[in-house]
Each structure stands twice: as C-alpha cells, then as structure tokens.
Amino acid sequence: MSNPDPLRLLDKLLFTTIRMYGYQGKTGDVLRKKTLHTYALCSVTRGKGILTINGSLYQVGKGDLFVLLPGMIIEGKSHSVEPIQYTLILFSCVQLSRHKSDWRVEQPDLLVQGRLTVSCDAPPIKGLLDQLMDLNKSRLAQDKAAMKYMLSRLLLLVIQMEDRQEEKQDEVGMERALGYMNENYMKDIKIDQLARMAGFSTNHFTKSFKHQMNMTPTEYLLKQRIARAKQLLFASGKMKEVAQQVGYKDEHYFSRVFKKAEGVAPTFYVKNKCHRIATLYYGLDDHLITLGLKPVAALSYAERVSHMYPVPVLSKHNQEGLLLDSFKPNYEKLMRTKPDLMLTSDRLEQDEALNQIAPTTVLKHSNHYGSMLEHIAKILGREQQAAVWMDKYAECRGTLKEKISARWGKQTAIFIRVRPNFYRIYGSLNQTGYLLYDDLGLTLPSGFPEQEWAVDIRLNDLHLFNPNHIFLMADPTEAARKRLQELLYSEQWAALDAVRHHRVYDASDLLFKTLGPTGRMWAMKHAAAQLGI
C-alpha cells in the first residue's frame, strides 16, 4: 500500500457528487443484497450488526470504518439487541491523469477498500466527519464546494493512517471462524475447534453462530458443501469426484445428503432444478440454444464486432433474452434474472462474487467441434439434440471440404483482426483456426509459427505470410477503424496476392460466432460461400 503516493492521487481527484446520510437502525433491520454504483465511506457510530461484502462476512461494531467501491455486492443485518447506527457518505469521482500533452479521465484507485484497521472514532477522523455533517446541512453553494475539499482531506487522512499501520489486526471471534469454514468446508471440522478459534466456549459459539446466521455451524458447513457440489456437478458430472471434492468419501452417502437438502438426487439435479441458466462467456448461450434451451441472460456482441450477420435462431434469442455488458460487471442485471445456475469459461478470470448470485460453473474451453456440446448435453439430458447437430455438422463439413479442395486445390489463408494498437493474425490453435484449417481444409502460410495461437504484426511484416485468401475483421472502435484505413491504403497491403486477386472476405463476427455450435455451422457455410462454394 506504500508504493503509490496518496497525496498525488487525491490532488488529481475530481468529485462530481457527494451525498451524506445518517442511519439509525431498528431491531433486526435487514439490508437486502444490492450492488453499489458509487463510492462509499461508512462509519459505524453505535450498535452492532453483520455486513457481507462480495461474499465475505464481517461482524460490525462501533468505530468500524469501511471504504466501499462501485460494483461491490453488499447485504447486512442489524443486531437484535443493539441496533446499528452509521453515517454514510456516497460520492462519485474521477481521476485526471496527464499523458504527454493530453489529459485523461480514469476510474481512481483509492488504495484502500473493505473494512479498515483505523477507527472512525480516532480524533482526527471523527473531527473531519463532524465537519462534513455540519456542511451537509447547509444549502449554500460555497459549503457544497467545501464538502468536496473536506472529503478529500478525510480520504487522505484515512489512507495515510491505514498505511502507517505496521500490520493488519488479526481476525478475531466469529469472523475468523467463518473465514476458516469458507475456506475449509470440505474438511472434517469440529465445532469445538471453531469455538477455540473464535475464543468462545463451544456452547456460546453455537448459540452466537445460530443467532447471527440463522443456522447452526453444521448447517452452514452443509450449505457450503452443497453450493460447491452444484457447481461441480455441471463441470464434471462424475459423482465420485464431486463427492470427494466437497468432503464426502462415500459417494452414496453424499447422494443421500444432497437429496435431503435439495429434494432430488445429484444425478438429476441439473436436469430437474436448473431451468434458468445464465451464460457469461461467448458461445455458451449458443450451446444451450442448440440443445433447445433458452438462457435467461447472455453476453452482448455489440461491443465486440463492427458488423453482425444474423443467424435466425440466435438473433431471436438476442431479442428475447437479457443481454449483458461484455466490459462491465453485471451483478444487478443477473440478480434480476434470478438464475438457478450460471455458466462461464476457464478462459476468463474468475469472479468469486458471482457465486453470491447463483452457483457458477467454470467450463473447460475446447476448440474441437462438438466436445463441449456433448458434455453439456450429457449433464442436461439432451444427448439426442447434440447427436442430431453432430451428424449435420459432420455431413456439412465433409461436403464443403471436398468442394473447396476440388475447386481450389491446396490454398493458404489467414484470419486478420485489426485491433486499436496492432494487427493480429490467428493461427490454427484457436476457434478460427479449427474452422479454416480443420473444417474447410485450408492451410496456414509456411511463414507462420505453428505453435503460436496468434501473432501480432506490423504493416512491414505482412509480406512474410502473403496468403491466397484473407478473412478480415476490425474491432468496433474509432482507433481500430483508423488502423484499418491505414492497412487498406498501404503499399504492403496492395502487394499481397489475396488483395491483388480480390480474395479478401468480410469476417466481422466470425471470430465470436465460431465459439458456439450453431454459429460455427453458419460460419463454416458463410466462409465457404465467400470462397465461391
């Protein structure tokens, strides 16, 4: 935390809005799950409660200070005897940074987040909070401006005091026990072990736990195991492996426990209980649609491609289903869809907060046609639908491959993607490579390194490949469009054989469509049609 300079950070911080509230809770008040859209500074002035931030649970009491960031998922509950009271400062801000002669607006990093080790009762912090509260009562414009200056001072003080702490305070009490349970639920955990960890007697720990969590420690551990089992059942489908990974040596005993908790055996859980499935990676929605299912939410392609070719069955879903942003968190949208299960890919960095919305299964990506479709079909009991698609695809693949070979013989081709900062040529070890080189029988130019899934090049590198055919796409950004124009009007481009013989094809959304079975079938036919087949 000591590397960035907080003074330089806050000097370039621009506050756009500040709102301040005082909250006095009542016995048993519940803060329902919500996603923050602004920054927040929360200081607890009295009472107790529990607060969950992105799935991590905190016992909250007087003096606690929290810095909360946009996108965080929070929920909480007030203590039944000592209701919580807190002051909340909600603010929006941006950071100005200079790049050469230009100024840029960026999202700031406040350097601290979550529960801090410093207390809001510390005199310098409490003094600034009181001044802010007084200014908040005023309607004068100069006092509103003063609030921004005062909040900047408060943030600087909090960051500096937090930075001076030699070490974080150790987790204590119930929070420490909960953290251990969340990380080690698959182990044989004893209640007295957790009580010692929390510093309580076994009886007091059990009573306190049930009072705060509305369930016993044993029930909480079971809940953690079942939640993880739901994810694993879709990812692998192998009962013995799932049972062992969630802490059960006997798969039959695990099956009985699961059925008692969910009302259905693990082998039938996904088929019978997962009616609302959200997909969080490109192509996974296509897999479900191919199997005759409709995902309740899927990623939008709008931010990824400059032009889309409609595939009727996929386009219909895009009009009916909820489309998610591909560059932003979608917590609020996903919570509204109330999914039973969410599917994502191991190609993405995993977001643990998603598991607070619904069990989230990470599927291993495969470029080989049909392998993921068969896996998903087996779990969902849709083997027949998968087999029909596999047969149609194999037949179409064989026919087109023969026609291309008969017309063109051995031909080289490359797939070029124009990005804002470079040109990228994709090799054979990705979805477009499997389509062009496996399915259609084209080949990479001899100059392309075989073990690379893609290479980034400059204009002067184009002559190293010089293929017979080029499939070209550009990202839907102004920078990428400028780079595309630079490419199309260059001498290096004009000198390529594919350009001279008018064998350059629009591949706007082919890169993303090939991630799903129905889209891949369309892309194969579309590419063949552009080749004149």
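1. **The four-stranded sheet.** In this predicted model, four strands form an open sheet. Read across the sheet, the order is β2-β7-β4-β5. The pairing is antiparallel. Two strands sit at the edges: β2, residues 30-35, and β5, residues 56-61. Each of these edge strands pairs on one side only. On average, neighbouring strands of the sheet are turned by 15° against each other, with direction ignored.

2. **The β4 and β7 pair.** Look next at one pair of neighbours. Strand β4 covers residues 48-53, and strand β7 covers residues 73-78. Five bridges join β4 and β7, in the antiparallel sense. For a landmark, find Leu-51: this residue stands opposite Gly-76 in β7.

3. **The cavity.** How many cavities of 30 Å³ or more does a search of the whole structure find? The search finds one. The space in the largest cavity comes to about 190 Å³. The lining of this cavity has 21 residues. Closest to the centre are His-287, Ser-366, Met-372, Leu-515 and Gly-516.

4. **Where the lining comes from.** Which element gives the largest share? Helix α14 does, with three residues.

5. Sort the lining residues of the largest cavity by type, and eleven are polar. Nine are nonpolar. One is charged.

Conventions. Residues are numbered from 1 along each chain as its sequence is written. This is a predicted model: local features need pLDDT of at least 70, side-chain atom pairs count only at pLDDT 80 or more; totals for chains, interfaces and linings use all residues. Side-chain values use heavy atoms; hydrogens and water are left out. Two strands pair if DSSP finds at least two bridges between them. Axes are lines fitted to C-alpha atoms, for helices over the stretch in contact, and angles run from 0 to 180 degrees between N-to-C directions. On a 1 Å grid over the protein atoms alone, a cavity is a set of points where a 1.4 Å probe fits but cannot get out, and a pocket is an open set with protein on both sides within 12 Å along at least five of seven lines; lining residues have an atom within 4 Å of a point. Grid points are joined across faces, edges and corners, and a volume is the space filled by probe spheres set on the points. Ala, Val, Leu, Ile, Met, Phe, Trp, Tyr, Cys and Pro count as nonpolar, Asp, Glu, Lys and Arg as charged, and the others, Gly among them, as polar.
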